[in-house]
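I opened the model to look up how its parts meet. My notes follow.

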Amino acid sequence: MPQGVTANYLVVFLAAVVGFLAIALMFAANYLLAPRRASPLKGLPVECGIPPVPFAWTQINIRYYAFAILFLIFDVEAVFLFPWAVLFLKAAPVVFYEMLVFLGILLFGLVYGWRKGMLVWR
Amino acid sequence: MAAALVISALGLLGLVAFITALVAGGLAALAAVGGLLAMFVFLAAVVLSLVWLERKYLGRLQMRMGPMRVGPFGLLQPVADAAKLVLKEDVTPAWVDRWLFWTAPLLLFLPSYLLWVAVPFGPGLVLRDLDLGLLYIVALSVVGIVGILMAGWGSANKYGMLGSLRSAAQLVSYEVPVIIVALTVAMMAGSLNLSQIVEAQRPVPYAVVQPLALFLFLLAGLAEVGRTPFDIYHAESEVMGGPYVEYSGAHWAVFYLAEYVNTFLVAVMVTLLFLGGWKGPGLPPVLWFLLKAYLVVGFIFWFRGTFPRLRIDQLMALGWKALVPLSFVNLVLTSIYLFYGWPWWGMSLISLAILAALGYGIHRQAAARKPAITLVPAVEVRSAR
C-alpha cells in the first residue's frame, strides 16, 4: 500500500471496520448461542433488591463540571504544546521563552484555582 | 481514423492503468486487513494471557493457588471464561436507553483497538508508522471515556450513573499528566514518531534520564485504565461495577476486553517511551519488547495486590495537586535543560533528586500521622482492669 497521510488514515478506517466486524461477530454468536428469557423482574435496574426509585437520570453535582473545564483548559493547551515540543530546539530562541511565559500563565491559573479551593473534592 | 485509434489506445491504456491501480489498491487493502486481523488475534491472545497471569499472580500474593482446574496450571481458565460469557444471556433491562446501551461497548473498544495501528513492536514491525504516532495514541485514548459515560447514562441505573460520572472526573484528570509526560519524552526525542522515539534512546533509555517522568507516567497511566488503587469508578464495594453494572454476556465481555487491552497499552507505552522499546542484547527485538511489556504488566498487577483503593477526594487531590504540577515542572525543567544543551546525566540527577524529595515528603507525612486506633494486646487489657 502506498505511503502518505491518506493511505495511513485509510488503514485506520479499515481498522475501525475490522474491529467493528469482530465485535459484531461476537454479538452475533452471543445472540445465536445464548438463551433468552425475558421477565419483568430481570428488566429492572440492579439495586440489590431494593425498588429502584427515584429514577437514575437526575441532577449532577457541579464539581464534575469544574473538573471538566479544568481538563479542557489543559487539553487545549496541550494542542499548542505538541508542535512546540518537537520544534522548539530548531526554532528561534524567542519561541522557547514565549512558551515559558505561556506555561507560567497557565500554572498561575492552576495555583489560583488551588488557592480558591477549586481542587478540593467536597 | 488515426486519431480515433490513438484516442482509443489512450483510453485502453487509461483503463488498464485504472484496473491495475484498483487491483494493486485492493491487494494492498487486503494485506492491510490481514495485518489488522493478525493484530486482533494477537490482542485477544494477550488479553487471555493477562487474565490468567493476573489471577495466578494475585492468588499467589494472597497465598492462594489461583486458577487450577481447567487445563494444566489453570491455563485454559480464561478461554473457559470467554466461552461462558458468549454462552450467557445478554440481558437488556427494560428502562435502558437502547442506543447508548448497545453502542457504548463498541465506543470503548474501537479506540483501544485503533491505537494499535501506530504501535511498533520492533524495527519496521508496525502496521502504519505514523509520524504523529504519539499524538494519535494520546488523542484516541481519551475517546473511550465517552463510551464509559454512555454506558453509565444509558443503563438508567444509579450505580452506573455514579460510576460513569466518577470515571469522567477521574480519567479526564489523569489524562493531563499523561499528555504532559508524553510531551516531555517527545521533546527529548525531537519527534512524535514512536519508532524514532525508540531510536533516540540508543545510548541510554529515558527511564535512566527521567525517572520522575517514568514514575508520573506509570501512576497516571494506571489511573487512566482504572487499575485497582485508582478504580473507584467501577469498584465492586462502592458502585458494584459502576458503568458495567447492567451489562452481561457479550457486551460485558467487550468491556472486559477493552480494559485489558488498555492495560497492555499502558505497559507498551511505558516500554516504548521509557524502557528503550525493543532494544536489548542477544534476544530478537520483538522478544525484548514483549519481555519488557510483560514486566511492566507484572508491576501493574503487583500494585493491584499491594495498595488499598483511594477515596475520590484523595484521588482528585493526587491528580491535580501532585501529578499535574510535577509533570509541568518536569516539562519546564526538561525544556530549559534541552535548550541550553547540558549533558543527560545532569537531568537524571535532577529528576532523581525531585523523586527522592517527593518520597521523603510522603514518608514524613505518613510518619507524622497518628494512628486512629491503637492496638493493645489482650493481656495488657486484662491486667489493667
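Ground rules. I am working on a predicted model, where local features need pLDDT of at least 70, side-chain atom pairs count only at pLDDT 80 or more, and totals for chains, interfaces and linings use all residues. Residues are numbered from 1 along each chain as its sequence is written, chains are lettered from A and ligands numbered from 1 in the order in which they are written, and side-chain values use heavy atoms, with hydrogens and water left out.

Entry 1: the two domains of chain B. I took contact as heavy atoms within 4.5 Å. Domain 1 of chain B then brings 18 residues against 24 residues of domain 2 of chain B. I took buried area as the accessible area (1.4 Å probe) that two parts lose on being put together, summed over both. The two domains of chain B bury about 2,000 Å², with 82% on carbon and sulfur atoms. On the domain 1 side, B:Leu50, B:Glu54 and B:Leu85 supply 29% of the buried area, more than any other three residues.

Next I looked for salt bridges (a side-chain nitrogen of Lys or Arg within 4 Å of a carboxyl oxygen of Asp or Glu). B:Glu54 meets B:Arg304 in a salt bridge, N to O 2.7 Å. H1(B) gives 17 residues to the domain 1 side, its largest share. Helices are DSSP runs (H or I, at least four residues), numbered from the N terminus.

Entry 2: chain B against chain A. Which residue counts make up the contact? Chain B gives 74 residues and chain A gives 67. The buried area is about 6,600 Å², and carbon and sulfur atoms give 80% of it. I find 1 salt bridge across this interface. B:Glu89 pairs with A:Lys42 in a salt bridge, closest N and O atoms 2.8 Å apart. The elements giving two or more residues to the chain B side include H1, H5 and H13 of chain B.

Entry 3: helix H5(B). Is H5(B) mostly covered or uncovered? I count 8 of its 11 residues as buried, meaning under 20% relative accessible area (1.4 Å probe, protein chains only). Among them are B:Ile145, B:Ile148 and B:Met150. The buried residues of H5(B) pack against H3, H4, H6 and H11 of chain B. After H5(B) comes B:Ala156, with a positive phi near 55°.

Technical notes
Buried < 20%, exposed > 50% of the residue type's maximum accessible area, 1.4 Å probe, protein only.
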